[in-house]
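I opened my notebook and looked up one structure. My entries follow.

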Amino acid sequence: MPTTLTAFADVTTSDSALRRFLHGLPGVDAVGLEARAASLGTRSIKTTAKAYAIDLAISMIDLTTLEGADTPGKVRALSAKAVNPDPTDRTTPMTAAVCVYPDMVATAKAALNGADVKVASVATAFPAGRAALPVKLADTRDAVAAGADEIDMVIDRGAFLAGRYLETYELIKAVKEACARPDGSAARLKVIFETGELSTYDNIRRASWIGMLAGADFIKTSTGKVGVNATPANTLLMLEAVRDFKAQTGIQIGVKPAGGIRTTKDAIKFLVLVNETAGEDWLSNTWFRFGASSLLNDLLMQRQKLSTGRYSGPDYVTVD
């Protein structure tokens, strides 16, 4: 299938055209969506399949520290854990990325020292997104210049909820352009919707389409900084969106649920959602990520249990 957005060329020519398109999307059956997410979450994964799922989930984690008290030492320690999550078992996969604030990108990059772990950086006045466009673009460019492989941006939820859809689209497009490097390559862009603040599933679907049309490489549920973050239902809805977008354009977009995913059982439920909704093409860290840190410790304990027959306990994994 050709990779093209030609069919949607007229959709973003004006605010009214984009509004007509977004409000013309099929309405979300909330009861049906939640029932399907709950049903898929009951699938039982055992033994060999469980071991595979645990390693896959570890390889999909964006190991994250986004606190005001972050120090270079903490970022270096987190980077070391990303490369070698379980020092007692060198067969443990590396995580997908380390995610930090822009001022910590260079520290993380140096600590990883060429390891096959990406450096992701939140930008655009994370987590609220309340800043002028030039500030957001400067934030992005600084992170890319410091070596960020990926940018996690936040949309202006105020603009989106006020119905300023074209403004939201143009912000994402501008940040995408700011991800470019002088050598012609670019950092991959993850667009965070903060689904807990969008109020309705219809809004999540509309935001997903805005992000995809504007050039997002990933669409992401949440910052992890509000009360409601990733849920099976909102992630299922976003998986349906990327599946449908690829069917219509040939362009594959990744999905990243973030916040609130803490246990191996939770992670496996999300992997089932991916497999049953978007399909096997999304079952890699190129196209699916977990925004989490505490999740890794539980995955490591469950992995140790499968290999040794006993739980080692939380004291045997590092505290992030």
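I noted how the values were made. This is a predicted model, where local features need pLDDT of at least 70, side-chain atom pairs count only at pLDDT 80 or more, and totals for chains, interfaces and linings use all residues. Residues are numbered from 1 along each chain as its sequence is written, and side-chain values use heavy atoms, without hydrogens and water.

Next I looked up the fold. The protein has 12 helices and eight strands (DSSP runs numbered from the N terminus: helices are H or I with at least four residues, strands are E with at least two). Its C-alpha atoms fill a box of roughly 60 × 45 × 40 Å along the principal axes.

Then I checked burial. Of the 320 residues in the protein, 54% are buried (under 20% relative accessible area; exposed is over 50%, partly exposed lies in between; 1.4 Å probe, protein chains only).

I also looked up contacts (heavy atoms within 4.5 Å). Among those with a separation of 6 or more, 75% join residues 24 or more positions apart.

Last, I picked one residue. Ser79 sits in helix 4, residues 72-83. Ser79 counts as buried because its relative accessibility is 1%. Beyond its neighbours within four places in sequence, Ser79 contacts Val98, Ala108, Ala111 and Leu112.
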